[in-house]
Amino acid sequence: MPRHGVSAGEGHPRSSWETESDRSRGSPRLRLLWIGLAVALALPDSLVLWAPAGAHPLPTQSDPARFSRLVPQLRNAFGWWNLTCPVCKGLFTAIDFGLKKEPGVAWVGSMATKLCKLLKIAPPTVCQSTVQLFEDDMVEVWTRSVLSPSEACGLLLGSTCGHWDIFSSWNVSLPAVPKPSPQPPKPPAPGAPVSRILFLTDLHWDHGYLEGTDPDCENPLCCRQDSGLPPASRPGAGYWGEYSKCDLPLRTLESLLSGLGPAGPFDMVYWTGDIPAHNVWHQSRQDQLRALTTITALVKKFLGPVPVYPAVGNHESTPVNGFPPPFIQGNYSSSWLYKAMAKAWESWLPAEALHTLRIGGFYALSPRPGLRLISLNMNFCSRENFWLLINSTDPAGQLQWLVGELQAAEDRGDKVHIIGHIPPGHCLKSWSWNYYRIVARYENTLAGQFFGHTHVDEFEVFYDEETLSRPLSVAFLAPSATTYIGLNPGYRVYQIDGNYPGSSHVVLDHETFILNLTEANEPGATPHWQRLYRARETYGLPSALPAAWHDLVYRMRGDTQLFQTFWFLYHKGHPPSEPCGMPCRLTTLCAQLSARSDSPALCRHLVPDGSLPDVQSLQPRPPFC
């Protein structure tokens with residue numbers, strides 16, 4: 001059950017790394033009891049919270065099945081068959097108390113570090129730094145959710161002793177107002193105004209980037225001073241960036257922003273987050289705020305009076321992916337980040353938007369007559385946001401708020417653009433399915449969806465819920481500015497039905513621009529940002545409406561050359577050397593149809609024999625975290 005009433009402690013004490021005390025943790029069996037559940041929570045997902053290099057999209061955790069399968073083993077191991085409900089709850093109350101004491105936190109960290117090293121999840125120094133960064137927050141989350149007396153005993157002894165409902169299903173409420181009949185947008189009249197929107201995402205500035213260092217080091221992020229030098233047989237990191245697990249130096253971002261002229265002019269900018277680098281095992285709040293203020297100042301310097309509308313990425317916080325819902329108060333909360341964002345972005349956003357940004361990291365505003373822009377905090381849907389273990393039911397009430405915004409826009413006759421970082425097809429199942437239902441209800445109002453996060457160039461098609469066959473919306477997933485991993489730097493420009501009465505505000509076309517690192521890093525060369533492709537021209541699309549993208553997927557299924565073009569552009573002109581065979585192709589194409597997570601029926605027509613690919617486990621994306 002949701003536990004919004006649980007108050008958070010104001011303090012956030014840092015643990016003493018070497019201190020241990022058996023007294024605070026109880027008996028050996030008690031220690032084994034809670035560490036067994038902790039490991040059961042962490043290990044099935046390859047310790048993703050502690051392993052920044054292993055952050056591929058994960059299978060959803062929408063039900064407790066994987067925990068339930070472990071219960072008989074745990075009972076046998078620890079002799080729980082005769083454990084009564086009162087004793088169980090008393091036991092876990094003691095666990096909660098012992099864990100939150102400083103020695104208990106330190107012991108959790110010690111155990112996690114040993115596991116990380118034993119399983120070779122990351123180099124030893126990365127293991128220790130990551131666990132030390134995560135340990136306080138993880139203990140707080142574990143004791144509020146997985147190890148809370150009601151949740152844990154409900155799992156171990158059944159529903160008569162408590163209720164285990166982590167990641168359970170839930171639904172938002174839609175208004176009783178009948179849905180209008182679908183009305184596809186009409187093509188704009190010849191000569192109608194067209195707006196250009198610059199789209200920036202996943203900049204990932206690495207203030208520690210160092211030319212000449214090893215781009216293939218053992219750490220999750222390389223091309224840094226701690227990466228060391230490469231062997232004499234291999235070149236070091238390039239001046240402008242590198243095709244490896246490296247982020248960007250500030251000069252490359254300056255080059256991007258200063259070289260925007262040929263791609264403009266721009267009417268506005270959508271900027272969907274992920275500002276800091278991928279050195280997630282060694283980041284402080286001060287580091288994150290420096291990245292926020294430095295890159296915001298750079299954007300303002302080069303874009304001047306052009307309005308910029310940001311969204312919150314999963315890397316803005318530390319620990320990475322850690323975004324507590326607003327009911328978490330005190331030093332554990334995200335208020336330090338949201339308040340800093342509001343201050344940095346106050347020249348771009350009106351007071352009403354700044355108000356909700358400070359509370360939950362999301363907002364809405366009207367950039368022009370007839371258009372409403374909604375910036376969502378997609379961390380509240382994220383599988384990697386460990387704070388959602390406490391309560392994943394519509395965190396911050398954001399989806400219900402979205403429904404209200406969309407209904408108000410429908411009543412006014414306005415159109416809506418939604419921006420966010422993590423795409424809806426990558427979200428926890430209940431959040432994703434609720435969002436899908438909202439998109440279907442307001443298909444006439446929703447004119448565009450724009451996301452990032454995956455670092456590659458793709459899209460997600462939405463269908464009617466009744467038949468899953470009529471395309472009604474499309475989310476565009478733009479490629480990253482960063483090279484991480486093995487990519488060219490890039491950015492996107494959208495052409496939108498322009499600013500005039502009766503505009504549909506839909507996407508008419510888009511262009512992607514890149515910096516070819518091979519050319520830029522040549523001795524004596526200067527960076528030249530070039531257009532990689534135009535979508536409609538390259539793919540032969542009659543429009544940029546949802547049906548055109550649906551048809552493109554099915555054309556690529558049977559046209560190898562067309563798919564290879566897509567595969568090349570998917571990787572911003574620098575695809576992996578390994579060929580993408582038929583299983584890879586079907587998995588990639590299925591992902592373009594999967595705007596709703598854990599919904600294999602969306603791909604049922606893609607594979608003639610019905611052997612659907614496992615999108616979540618096989619999707620050939622570059623690692624991101």
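Mentor: Asn-314 sits in the loop that runs between β3 (308-310) and α11. Keep in mind as we go that this is a predicted model. With a relative accessibility of 1%, Asn-314 counts as buried, because the cut-off for that class is under 20%.

Now turn to His-421, which belongs to the loop between β6 (415-419) and α14 (429-441). His-421 is buried too, at a relative accessible area of 1%. If you set aside its neighbours within four places in sequence, the contacts of His-421 include the other annotated positions, Asp-274, Asn-314 and His-453. Thr-201, Asp-202, Thr-272, Gly-273, Val-312, Gly-313, Met-378, Phe-451 and Gly-452 also touch His-421.

As a general point, nonpolar side chains tend to be buried together in soluble globular proteins. The largest nonpolar core in this model has 127 residues, and those touching the most other members are Tyr-270, Trp-271, Leu-349, Tyr-435, Tyr-491 and Trp-549.

Leaving out neighbours within four places in sequence, Trp-271 is in contact with Leu-200, Leu-203, Ile-295, Thr-296, Val-299, Val-308, Tyr-309, Pro-310, Ala-311, Trp-345 and Trp-348.

Next, have a look at the largest pocket, which holds about 600 Å³ of space. Its lining is made by 32 residues, and Gln-183, Pro-184, Pro-185, Val-506 and Leu-545 lie nearest the centre. The elements giving two or more residues to that lining are β7 (446-451), β9 (471-477) and α17 (546-558). The largest share, five residues, comes from β9. Sorted by class, the lining has 19 nonpolar, eight polar and five charged residues.

Pro-184 is placed in the loop between α8 (149-157) and β1 (194-200). Pro-184 is exposed, with a relative accessible area of 66%. Although Pro-184 and Pro-546 are 362 residues apart along the chain, 9.8 Å separates their C-alpha atoms.

Pro-546 takes us to α17, where the buried residues are Pro-546, Ala-548, Trp-549, His-550, Leu-552, Val-553 and Met-556. What covers them includes the strands β8 (458-463), β9 and β11 (507-515), along with the helices α16 (535-539), α18 (560-570) and α19 (582-592).

Finally, zoom out to the whole chain. The chain holds 20 helices and twelve strands, and buried residues make up 61% of its 625 residues. Among contacts between residues at least 6 apart in sequence, 74% join residues at least 24 apart.

Conventions
Residues numbered from 1 in each chain as written. Predicted model: local features only at pLDDT ≥ 70, side-chain atom pairs only at ≥ 80, totals over all residues. Heavy atoms only, no water. Core = buried A, V, L, I, M, F, W, Y, C linked by side-chain atoms within 4.5 Å. Buried < 20%, exposed > 50% of the residue type's maximum accessible area, 1.4 Å probe, protein only. Contact = heavy atoms within 4.5 Å. 1 Å grid on protein atoms, 1.4 Å probe; cavity = no way out; pocket = protein on both sides within 12 Å on 5 of 7 lines; lining within 4 Å. Points joined across faces, edges and corners; volume = space filled by probe spheres on them. Helix = DSSP H or I, 4+ residues; strand = E, 2+ residues; numbered from the N terminus. Nonpolar A, V, L, I, M, F, W, Y, C, P; charged D, E, K, R; others polar.
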